[in-house]
Amino acid sequence: LRCCTAASLVTDGTDGPGGGASAAADERSLYIMRVVQIAVMCVLALTVVFGIFFLGCNLLIKSEGMINFLVKDRRPSKEVETVVVGPY
């Protein structure tokens, strides 16, 4: 009857010699594994955030250069102004 309860499953590992040490080692390894997972996720999240930030800055700089290039092309030349001013 004792083998079928959830409490006996938890306490059965600590009944034998050295059972408590193995449970503590398992708990510690789970804790270390969880901390490593959290650290990896933080590094990946920071990588994505900085990647998006630098990609956005790069696109902004390129778009400003394209806008300046287009504005420079649309500016009328001085020769056209002299032709327009000439007949008056």
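Which residues does the UniProt annotation "transmembrane region" cover? In the unreviewed entry, the annotation spans residues 38-61. The views below show this stretch and its surroundings in a predicted model.

View 1. The protein chain holds three helices and zero strands. Read along the sequence, the pattern is α-α-α. The chain has 88 residues, and 2% of them are buried. Its accessible surface comes to about 8,200 Å². Carbon and sulfur atoms account for 72% of that surface.

**View 2. Confidence along the chain.** Mean pLDDT for the protein chain is 74. A value of 70 or more is reached by 58% of the residues. Among the elements, helix H2 has the highest mean pLDDT, at 86. Helix H1, residues 6-12, has the lowest, at 52.

**View 3. The annotated segment, residues 38-61.** This is the stretch that carries the "transmembrane region" annotation in the unreviewed UniProt entry. Over these residues the chain is 100% helix and 0% strand.

**View 4. A nonpolar surface patch.** Seven side chains are shown: Tyr 31, Ile 32, Val 35, Val 36, Val 40, Met 41 and Leu 44. Together they make a nonpolar patch of about 680 Å².

**View 5. Leu 44, a member of the patch.** Leu 44 sits in helix H2, which runs over residues 19-74. Leu 44 also contributes to the nonpolar patch, alongside residues including Val 40 and Met 41. Why is Leu 44 classed as partly exposed? Its relative accessibility is 47%, so it falls between the 20% limit for buried and the 50% limit for exposed.

**View 6. Two cysteines, Cys 42 and Cys 57.** Cys 42 has a relative accessibility of 44% and therefore counts as partly exposed. Cys 57 has a relative accessible area of 31%, so Cys 57 is partly exposed too. How many disulfides does the model contain? The count is zero, with a pair of cysteine sulfur atoms required to lie within 2.5 Å.

Key
Residues are numbered from 1 along each chain as its sequence is written. This is a predicted model: local features need pLDDT of at least 70, side-chain atom pairs count only at pLDDT 80 or more; totals for chains, interfaces and linings use all residues. Side-chain values use heavy atoms; hydrogens and water are left out. UniProt positions are given in the numbering used here, feature names are shortened, and annotations may be inferred rather than shown by experiment. Helices (H or I, at least four residues) and strands (E, at least two) are DSSP runs, numbered from the N terminus. Patches are made of residues with over 30% relative accessible area and no salt bridge: like charges are joined within 9 Å, nonpolar side chains (Val, Leu, Ile, Met, Phe, Trp, Tyr) within 5 Å. Accessible areas come from the Shrake-Rupley method with a 1.4 Å probe; for residues, only the protein chains shown count as cover. A salt bridge is a side-chain nitrogen of Lys or Arg within 4 Å of a carboxyl oxygen of Asp or Glu. Buried means under 20% relative accessible area, exposed over 50%, partly exposed in between (1.4 Å probe, protein chains only). pLDDT is the predictor's confidence in each residue, from 0 to 100.
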